[in-house]
Amino acid sequence: MDLKNKVVVITGASSGIGLKIAEQLADEGCHLALLARRIELLEEIKKRISRDDLNILTLRCDISSREEVTHAFTEIFKVFNRIDIALLNAGVDHRIKTKNFNSKYAEEIFGVNVLGLIYCVEALLPKLKEQQHGMIVGVSSLAEVRGFPKSGFYCASKAAASKFLESIRVELRKYNIKVLTVKPGFVKTPMTDKNEFKMPFLMDVKKAASIIIKGMKKEKRIIQFPFPLVIGASLIKMLPDFIFDYLAYSHVQNLDKKRK
Ligand SMILES: NC(=O)c1ccc[n+]([C@@H]2O[C@H](COP(=O)([O-])OP(=O)(O)OC[C@H]3O[C@@H](n4cnc5c(N)ncnc54)[C@H](OP(=O)(O)O)[C@@H]3O)[C@@H](O)[C@H]2O)c1
């Protein structure tokens, strides 16, 4: 697929993966609608990547609010009259231990990673169906494969996102709407900068962005990387529960010992 002159919406465009994809898509000649809460960052990005032949719209939008999402997509359709690709990338993560268990983090994580994604799809569908074309690219994670300790809300949210995307991928075929799922391993962004544990095969964000764009051009159903972690994740997924429990428990014990 040639991306030139395509209208692309990116949620979570103010930082990390979304920001790098915005920069690279501007180089490809895409018109962009950039969404996030930190509008001042979006304005700076717009200034930096603007060119005479590109139309770039920035919108402040809290993706966990259905009203704000509806409003943002109405604005986008008003300005561009169509959307070719929606990269639904906004996401949050908090490491939650059972020691300080608090459902307010679950509300935030599910509000952004699951409901936010669903609100965007809801706002997109009528127009995409009318257009009879479009691509929805949802960003999940390799963390969906199991419920890793201290990451219960995040893993569960990404598993929900993956299953939701898989389900609509099949249903939307008849409208010529493609649904792609992105499952990154560890990528160096502000989200992972706060992690205190060793992240295997941590990838540079520029590289991650170009892999995702390459996958979009090829219309790959699943865009997952890096390869060694994809293999690792499939093996972890297949492990019998008692072996997973043993390995995960030993890992957590080691981390706790190191911290003391
Ligand atoms: N980095 C990794 O290793 C990794 C691995 C697997 C999957 N992922 C997924 O990749 C996506 C991007 O993550 P990242 O690493 O680039 O993280 P990041 O640098 O922290 O960026 C997260 C983006 O999401 C936006 N966002 C968060 N809450 C929002 C809300 N309520 N409303 C609107 N936007 C919101 C943020 O914008 P504002 O704060 O300005 O609103 C920001 O632009 C996420 O879905 C994440 O789960 C990341």
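Predicted model: local features only at pLDDT ≥ 70, side-chain atom pairs only at ≥ 80, totals over all residues.
Residues are numbered from 1 along each chain as its sequence is written, and side-chain values use heavy atoms, with hydrogens and water left out.

View 1. Helices (H or I, at least four residues) and strands (E, at least two) are DSSP runs, numbered from the N terminus. Along its principal axes, the C-alpha trace spans about 55 × 40 × 35 Å. Of the 260 residues, 49% are buried; buried means under 20% relative accessible area, exposed over 50%, and partly exposed in between (1.4 Å probe, protein chains only). Take the contacts (heavy atoms within 4.5 Å) between residues at least 6 apart in sequence: 69% of them join residues at least 24 apart. The chain exposes about 13,600 Å², with carbon and sulfur atoms supplying 55% of that. Those areas come from the Shrake-Rupley method with a 1.4 Å probe, and for residues only the protein chains shown count as cover.

**View 2. Strand 4 (residues 85–88), covered on both faces.** In a regular strand the side chains alternate between the two faces of the sheet. Here Ile85 and Leu87 take one side, Ala86 and Leu88 take the other, and all are buried. Strand 1 (residues 7–11) runs parallel to strand 4, and four bridges join them. Two strands pair if DSSP finds at least two bridges between them. One place to look is threonine 11, whose bridge partner in strand 4 is leucine 88.

**View 3. Strand 5 (residues 134–139), a parallel partner of strand 4.** These two strands pair over four bridges. Alanine 86 has isoleucine 136 as its bridge partner, while leucine 87 stands opposite valine 137. Six of the six residues of strand 5 are buried, so the strand is largely enclosed by the rest of the structure. Gly134, Ile136 and Gly138 point one way, and Met135, Val137 and Val139 point the other way.

**View 4. Lysine 20, a residue of helix 1 (residues 16–27).** Is this lysine 20 buried or exposed? At 18% relative accessibility, lysine 20 counts as buried. Skipping residues up to four places away in sequence, lysine 20 touches Val205, Lys206 and Ala209.

**View 5. Alanine 36, in strand 2 (residues 31–36).** With 8% relative accessibility, alanine 36 counts as buried. Beyond its neighbours within four places in sequence, alanine 36 is in contact with Ala13, Ser14, Leu42, Leu59, Arg60 and Cys61. For a sense of scale, the C-alpha atoms of alanine 36 and alanine 156 are separated by 23 Å, and the two residues are 120 apart along the chain.

**View 6. Serine 64, in the loop between strand 3 (56–60) and helix 3 (66–80).** Serine 64 is partly exposed, at 31% relative accessibility. Leaving out neighbours within four places in sequence, serine 64 is in contact with Gly111, Val112 and Tyr119. Cysteine 120 is 56 residues away from serine 64 along the chain, yet their C-alpha atoms are separated by 9.7 Å.

View 7. Most residues other than glycine have a negative phi, and most peptide bonds are trans. Asparagine 176 has a positive phi of about 65°; look for asparagine 176 in the loop between helix 5 (152–171) and strand 6 (177–184), where it counts as partly exposed at 37% relative accessibility. Glutamate 219 also has a positive phi, near 55°. This glutamate 219 is found in the loop between helix 7 (205–217) and strand 7, and is partly exposed, with a relative accessible area of 31%. The peptide bond from phenylalanine 225 to proline 226 is cis, with omega near -10°. Proline 226 lies in the loop between strand 7 (222–225) and helix 8 (227–238).
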